[in-house]
Amino acid sequence: MSDEPLGQRTAVYPGSFDPITRGHLEIVERALRLFDQVIVAVGRHPTKKGYFSVSERVDLISASIAHLPRARSANFDGLMVNFCVEQGASAIIRGLRPMGDFETEYQMGMANRDIAPTIETVFLIARPDHQFISSSLIREIAHHGGDFQRYVPEPVFEAMMSRLGSKAGS
Ligand code: ADP
């Protein structure tokens, strides 16, 4: 960990968040018990367009964490560890689900540690009833007209319904 003054510990929670789910939100809430400030940061994928644009995702995160004054949303280009350094963050938060997250997360954690040894990766284990929730599963359920409301924060539900409505009307 870097030598941040006590009371100033910042963590970055990076991801695609396309869109943010209740699984992600719970990780933010738990990270805030460990850190003073949590930045939920959307990485820009060089080729993938995504379901929501990066700025829409940042706005949806912002609306979904409005009740958490010590959390904020942002986007970043380039290496995530560079963004962490710019923000004065001492840790990267990642959520861990039992189905396949571990190997990729471990590899990414090792690479980040190699590049920026002072920044720790902190893994928070997904809540059992959130372990199957993923952004892609939610997009899939929504696409097929299933009920996905309980898996996403309200602003995401509204944005997805309005997008599905406008598609149905076009
Ligand atoms: P990425 O494309 O970087 O994996 P995601 O938006 O899918 O981005 O996920 C961001 C982080 O949140 C990852 O660490 C992922 O493992 C974690 N995560 C995703 N869904 C859940 C969930 N339901 N519960 C806990 N953590 C989750």
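1. Val28 touches Tyr13, Val38, Val40, Ile65, Leu68 and Ala71, when residues up to four places away in sequence are not counted; a contact here means heavy atoms within 4.5 Å. In this predicted model, local features need pLDDT of at least 70 and side-chain atom pairs count only at pLDDT 80 or more, whereas totals for chains, interfaces and linings use all residues. Residues are numbered from 1 along each chain as its sequence is written, and side-chain values use heavy atoms, with hydrogens and water left out.

2. Val28 also belongs to the largest nonpolar core, which has 36 residues and in which Val28 and Ile93 have the most contacts. Such a core is a set of buried Ala, Val, Leu, Ile, Met, Phe, Trp, Tyr and Cys residues joined through side-chain atoms within 4.5 Å, where buried means under 20% relative accessible area, exposed means over 50%, and partly exposed lies in between (1.4 Å probe, protein chains only). The elements giving two or more residues to this core are β1, α1, β2, α2 (54-64), β4, β5, α5 (135-143) and α6 (154-169), and its largest share, 5 residues, comes from α1. Helices (H or I, at least four residues) and strands (E, at least two) are DSSP runs, numbered from the N terminus. A second, separate core of 13 residues includes Ile39, Ala74, Val81 and Ile119. In soluble globular proteins, nonpolar side chains tend to be buried together.

3. The sheet is open and has 5 strands in the order β3-β2-β1-β4-β5, with parallel pairing; two strands count as paired if DSSP finds at least two bridges between them. Its edge strands, β3 (71-76) and β5 (120-125), each pair on one side only, and neighbouring strands are turned by 30° against each other on average, direction ignored. Strand β4 (residues 91-96) runs parallel to β5 and is joined to it by 6 bridges, and the bridge partner of Ile93 in β5 is Val122. Helix α1 (residues 22-34) packs on the sheet, where it touches β1 (10-15), β2 (37-43), β3, β4 and β5, and its direction makes about 125° with that of β5. Axes are lines fitted to C-alpha atoms, for helices over the stretch in contact, and angles run from 0 to 180 degrees between N-to-C directions.

4. Around the ligand there are 16 residues, of which Tyr13, Ser16, Phe17, Gly95 and His130 come nearest; a residue is near a molecule if one of its heavy atoms lies within 4 Å of it.

5. The loop between β1 and α1 deserves a careful look. Phe17 is found in this loop, is buried with a relative accessible area of 3%, and has a phi near 50°, a positive value in a residue other than glycine. Pro19 lies in the loop between β1 and α1 as well, and a cis peptide bond, with omega of about 5°, joins Asp18 and Pro19.

6. Gly15 lies in strand β1 and, leaving aside its neighbours within four places in sequence, is in contact with Ala41, Val42, Gly43 and Arg94.
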